[in-house]
Amino acid sequence: MPQLYDEIGIGYGDFRQPDPRLATSILRALGDADTVVNVGAGTGSYEPTDRFVVAVEPSLAMIRQRRAGSAPVVRASATHLPFRDAAFAAALAVLTVHHWPDRARGLAELARVARCRLVIVTWDPAASGFWLIEDYFPEIAEIDRRILPSIEELRAALGDIEVRPLLVPHDCADGFLGAYWQRP
């Protein structure tokens, strides 16, 4: 099945570079998990290098852009993870859940393969006040409300969760939309 990022992911690594401050926050959230499955891994921007990681990515274009020596990658979907129950201490999903064809199934799969911890980085569609969207691209807010999981949806799928804001620095090195909150 063709993947969205097989088309739009060409040159992805040119614009999406990991920001070390965000990486530190993600590592802190992973805690002492010694094994991690990174679901929707893309090019591997926020994969820890100090523990065993397996990446899961459905897009061949994204897999081809992974750096030499990065974590081993399995071409698969979040909705059908090819691992046994509790195979990893933690599951990681960074800015990917909104691309999954069946979020509820993908979230259940994360919970199934992780023994201790899930770390999901997403954008809360209830957040407002981002000038770039409100003043220039208001249609993005409507799209986001449809495709991004709400905190309530995450709670319904995963049970009791801890929500922590991930503060995006004004000079964020990563090129995701929310990184441009203080600069065009």
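How do the residues of the lining of the largest pocket divide into nonpolar, polar and charged?

## The largest pocket

The lining comprises 29 nonpolar, 5 polar and 11 charged residues. Here Ala, Val, Leu, Ile, Met, Phe, Trp, Tyr, Cys and Pro count as nonpolar, Asp, Glu, Lys and Arg as charged, and the others, Gly among them, as polar. The structure is a predicted model, in which local features need pLDDT of at least 70 and side-chain atom pairs pLDDT 80 or more, while totals for chains, interfaces and linings use all residues. Residues are numbered from 1 along each chain as its sequence is written, and side-chain values use heavy atoms, without hydrogens and water.

A pocket is an open set of points on a 1 Å grid over the protein atoms alone where a 1.4 Å probe fits, with protein on both sides within 12 Å along at least five of seven lines; lining residues have an atom within 4 Å of a point. Of the 45 lining residues, I120, T122, R164, P165 and L166 lie nearest the centre of the largest pocket.

## A buried aspartate

D174 is buried, with a relative accessible area of 0%; buried means under 20%, exposed over 50% and partly exposed in between (1.4 Å probe, protein chains only).

## Aromatic residues

W123, F130, W131 and Y136 form one aromatic cluster. Rings of Phe, Tyr and Trp (its six-membered ring) pair if their centres lie within 6.5 Å; planes under 30 degrees apart count as stacked, over 60 as edge-to-face and the rest as tilted. W131 is partly exposed at 26% relative accessibility, whereas Y136 is exposed at 54%. Both F83 and F88 are buried.
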